[in-house]
Amino acid sequence: MDFDTIVLGTGLSESILAAALSKAGFKVGHFDANPYYGGDDASLTVDDLRDWAESRKKNTNTVYLEAQRQRFSSISLTSSNVPRSRTFSISLSPTIIPSVGPLVDSLVASGVSRYGGFKLLESIAVFDQPSKVKPVPTSKEDVFKNKELSLVDKRRLMRFLLFAAGEFEGSNELAGQETQTFLTFLREKFSLANKVADAIAYALAFCTSPSGNLTLPALQRIRRYLRSAGRYGPSPFLVGHYGGIGEIAQGFCRAAAVNGATYVLGRNIMSLNPPPKSLGSQANLRWSLSLDDLDEHPSSRIVAAQPAYISSSSPSSPGGRSARCVAIINTPIRFSEPPPELNDDVSVEDIGPGEIDTGLLIFPPSSVDSGSSTAAASCLITGEGSMATPSGHCMYKCFPTHYSYLDAEFVYARDSEFLNTYVRARRFSRT
């Protein structure tokens, strides 16, 4: 099997690259040691997740699995079985997607959006105390309907939201404050109360800690948050069906296959062999792969690979070492008290949102007894509406808050050149 380019790994980056090259007319061979598409961005059933975890606990002689074992250094699973386990879709890389931005625009322009479905994130809330969370207001209507804020706090909050939604670069409020910590900026420049400032910093700007987030990047994230609301509905974020970003990666793999890419999954890559030094002509210098249980050696002049296929020293994640948890429960989640009986003193408007199918719950630092005082944590809740669980169940995916974990726009910024190449190739093929 001779190719123009070999791509190792079917994560989002590699899938975009394979789709771009195949659309441009190159002969692409796309290989993955895993028996599924998506790599570290994949969505798995409960049974597949157990197999994934067990394979990363074992010592192995392949570079890829050794790198995976080092990256996921401690994995534990409950022993109980989950009914209808194959109807769950658990994302290895839970993300939310801004409704307005280059990622959504490029998915539509490239045609890959038709390979997947999306659901609006229903609610974002901040943990306040056991059994109580506070929904985050994001619009003028939400602010003035909130009964916990004083009139002064509402006016200050509205002043900030109008500032953050506009062109604040070069403004008097921001002058000299770009590198100030964001919480300090909110309290000093807008006189916001501590709880209001915390909700803005951790639930709107996705800040990671009280002291480690600069003002200008945080304001830019809030502006995109505010401008995303209203495109597809009241929520500023989308959640992908069947776990999210893994389905987007698989969509690009489908686009590559339509344009002639060859796929081989579930074969351990035993070695990546460099061209023999004895060959003098550049045209004959081809890399080759040795695959488990396959006599043929695919070859190409160019190899693009996820780092784990090249070195067992897998690079650390953007947020450093972190702990993540997936919890499946069979009890509905509410971000409000159970609805009271309607009477003359209680109107429909007083009743908060009902059961949450897709939502994001933020835990600010020090909000939980014995919890971290220096890092925020996020809990992405997905249910039947996002095709992640069967009826009557929902799923918590908890992890330290970090911009790259939550926001798929970060992934787009990393992979934008690949994606733009694919869009350009697709447009060229139409003319």
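These notebook entries record what I looked up in the predicted model shown above.

**Basis.** I number residues from 1 along each chain as its sequence is written.

**Overall counts.** I found twelve helices and 19 strands in the protein. Helices (H or I, at least four residues) and strands (E, at least two) are DSSP runs, numbered from the N terminus. Of the 431 residues, 48% are buried; buried means under 20% relative accessible area, exposed over 50%, and partly exposed in between, with a 1.4 Å probe and protein chains only. I noted an accessible surface of about 20,700 Å², with 51% of it belonging to carbon and sulfur atoms. Accessible areas come from the Shrake-Rupley method with a 1.4 Å probe, and for residues only the protein chains shown count as cover. I then took contacts (heavy atoms within 4.5 Å). Among contacts between residues at least 6 apart in sequence, 67% join residues at least 24 apart.

**Helix α8.** The buried residues are Val196, Ala197, Ala199, Ile200, Ala201, Tyr202, Ala203 and Leu204. I traced their packing to β7 (123-129), α6 (151-165), α7 (182-189), α9 (215-228) and β17 (359-363). After α8 comes Phe206, which has a positive phi near 55 degrees.

**Nonpolar cores.** I define a nonpolar core as a set of buried Ala, Val, Leu, Ile, Met, Phe, Trp, Tyr and Cys residues joined through side-chain atoms within 4.5 Å. The largest has 43 residues, of which Phe160, Phe182, Ile200, Leu219 and Ile222 touch the most other members. Two or more residues each come from β7, α6, α7, α8, α9, β9 and β17. The most come from α8, which gives eight. Leaving aside residues up to four places away in sequence, Leu219 touches Phe160, Phe163, Ala164, Phe168, Leu174, Phe182 and Phe185. I also recorded another core lying apart, of 24 residues, with Ile16, Leu21, Ile245 and Ala261 among them.

**Aromatic pairs.** I counted 14 aromatic pairs. Rings of Phe, Tyr and Trp (its six-membered ring) pair if their centres lie within 6.5 Å; planes under 30 degrees apart count as stacked, over 60 as edge-to-face and the rest as tilted. The ring centres of Phe163 and Phe190 are 5.2 Å apart and the planes stand at 45 degrees, so this pair is tilted. Phe163 belongs to α6 and Phe190 to the loop between α7 and α8, so the pair ties together parts 27 residues apart in sequence. Phe163 is buried at a relative accessible area of 12%, and Phe190 is buried at 2%.

Phe206 and Phe237 form a further tilted pair, with 5.9 Å centre to centre and 45 degrees between the planes. I placed Phe206 in the loop between α8 and α9 and Phe237 in strand β9 (residues 237-240), 31 residues apart. Both are buried: Phe206 has 3% relative accessibility and Phe237 has a relative accessible area of 2%. I also listed one aromatic cluster formed by Phe160, Phe163, Phe168, Phe182, Phe185 and Phe190.

Methods: Predicted model: local features only at pLDDT ≥ 70, side-chain atom pairs only at ≥ 80, totals over all residues. Heavy atoms only, no water.
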